[in-house]
Amino acid sequence: MCVVGTGAIGQTVIDALHAGSVPDVSLTAVLNSRSSPEGAATAFDAADIVVEAATVDAARTVLPEVVKRGKDIIVCSCGVFADRSFEVESFGSGPGRVLLPTGAIGGFDVLAAATRAGTVDARLTHTTIKRPSALGIEESPEVEREVFRGSAREAALAFPRTSNSSVALALATLGLDRVEVVVVAHPDATSTRHVVEWESPLGRYELTFENAIDPASSGRTSSITAWSVIEVLAALPLGIGPGAVVLGPPHRS
């Protein structure tokens, strides 16, 4: 397999592979911003699966190259799908699968099941609470303050490096334009907190996650995120478990 990106997520995945934490998966190449197009092409040809753990811009380039080769790709920079010109459905029909790790949140199994039961009267809100610097806010508020409220698509465009979980959640459930995202800046936050709230005729669910922050990520990334990717890799030889969103045709009500 090939890893694209050597930041907080990519390096943890690389280290786990070197340590033998993922049986039956071996590392064949590592690419970063200094890699040449020729080197990338060679790496994609040799790999059975690619992990993109770089940036939205990198994902925009890498994803089509991998999929057209019929290879699987795990996309961490899920915000790439917020671009309306980057059609999700176009990546769901070929031999290569596009897999999104659930990342810093969970409960996708019950939420996807509730979505399949019907979406007409369903509502889903994802609230993220982070320190201001992790959100790119230079002036720190003195108290907790809501800095964004809108759709998952809008959140990904406004906060492309901190909205990946919102995008994965939306693509697994109601879609990018129906999932509401609330972003809160908290000056005293020492962890990242996520609250996922679902309501439909099927039931009401509230899921809360409080994650330690990866010290190599400048406060942006939860430590669990890279291990979510590693769990997807470990599950692939056995079939895809509940730790991944597989992109394909959208849900129908």
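Visitor: How many bridges join strand S6 to strand S9, and do the two run parallel or antiparallel?

Guide: Seven bridges join them, and the strands run antiparallel. Keep in mind that this is a predicted model. S6 covers residues 123–130, and S9 covers residues 192–200. Arg123 stands opposite Glu199 in S9. Ile129 stands opposite Arg193 in S9.

Now widen the view to the whole sheet. Five strands form it, in the order S7-S8-S6-S9-S10. The sheet is open, and its pairing is mixed. Strand S7 (145–151) and strand S10 (203–211) are the edge strands. Each has a single partner strand, so one side of each lacks a neighbour in the sheet. On average, neighbouring strands here are turned by 15° against each other, direction ignored.

Helix H6, residues 164–172, packs on this sheet. It touches S6, strand S8 (180–185) and S9. The direction of H6 makes about 170° with that of S6.

Go back to S9 and follow its pairing with S10. Nine bridges join S9 to S10, and these strands run antiparallel. They form a hairpin, with two residues between them. Ser200 stands opposite Gly203 in S10.

Thr192 deserves a stop. This residue sits in strand S9. Its relative accessible area is 0%, so Thr192 is buried. What does Thr192 touch, leaving aside its neighbours within four places in sequence? Its contacts include Thr128, Ile129 and Lys130. Phe209, Glu210 and Asn211 are in contact with Thr192 as well. Ile213 and Ser222 complete the list.

Next, look at the helix that meets H6. Helix H4, residues 108–117, packs against H6 at an angle of about 40°. Their axes are 9 Å apart. H4 and H6 are therefore oblique to each other. From H4 come Phe108, Leu111, Ala112 and Thr115. They meet Ala168, Leu169 and Ala172 in H6. The residues of this contact divide into six nonpolar, one polar and no charged. The spacing on a helix has a simple basis. An α-helix has 3.6 residues a turn, so residues three or four places apart point the same way.

Now leave this sheet for the other one. An open sheet of six strands has the order S2-S1-S3-S4-S5-S11. Its pairing is mixed. Strand S2 (29–31) and S11 stand at the edges. Each has a single partner strand, so one side of each is left without a neighbour in the sheet. Neighbouring strands of this sheet are turned by 20° against each other on average, direction ignored.

Inside this sheet, S4 and S5 run parallel, joined by two bridges. Ile74 has Leu99 in S5 as its bridge partner. Helix H2, residues 37–46, lies across strand S1 (2–4), S2 and S3. H2 runs at about 140° to S2.

Helix H1 (residues 8–18) and helix H7 (residues 223–235) pack at an angle of about 45°. Their axes are 8 Å apart. H1 and H7 are therefore oblique to each other. Their crossing is right-handed. On the H1 side, the contact has Ile9, Thr12, Val13 and Ala16. On the H7 side are Thr225, Ala226, Trp227, Val229, Ile230 and Leu233. The residues of this contact divide into eight nonpolar, two polar and no charged.

H7 has a list of buried residues. They are Thr225, Ala226, Ser228, Val229, Ile230, Val232, Leu233 and Ala235.

Finish in H1, at Gly10. Gly10 counts as buried because its relative accessibility is 0%. Leaving aside neighbours within four places in sequence, Gly10 is in contact with Val3, Gly5 and Ala53. Gly10 and Cys76 are 66 residues apart in sequence. In space they are 9.4 Å apart, C-alpha to C-alpha.

Methods
Residues numbered from 1 in each chain as written. Predicted model: local features only at pLDDT ≥ 70, side-chain atom pairs only at ≥ 80, totals over all residues. Heavy atoms only, no water. Pairing = 2+ DSSP bridges. Helix = DSSP H or I, 4+ residues; strand = E, 2+ residues; numbered from the N terminus. Axes fitted to C-alpha atoms, helices over the stretch in contact; angles between N-to-C directions. Contact = heavy atoms within 4.5 Å. Buried < 20%, exposed > 50% of the residue type's maximum accessible area, 1.4 Å probe, protein only. Parallel < 35°, antiparallel > 145°, perpendicular 65-115°, else oblique. Left-handed = near helix turned anticlockwise from the far one by under 90°. Nonpolar A, V, L, I, M, F, W, Y, C, P; charged D, E, K, R; others polar.
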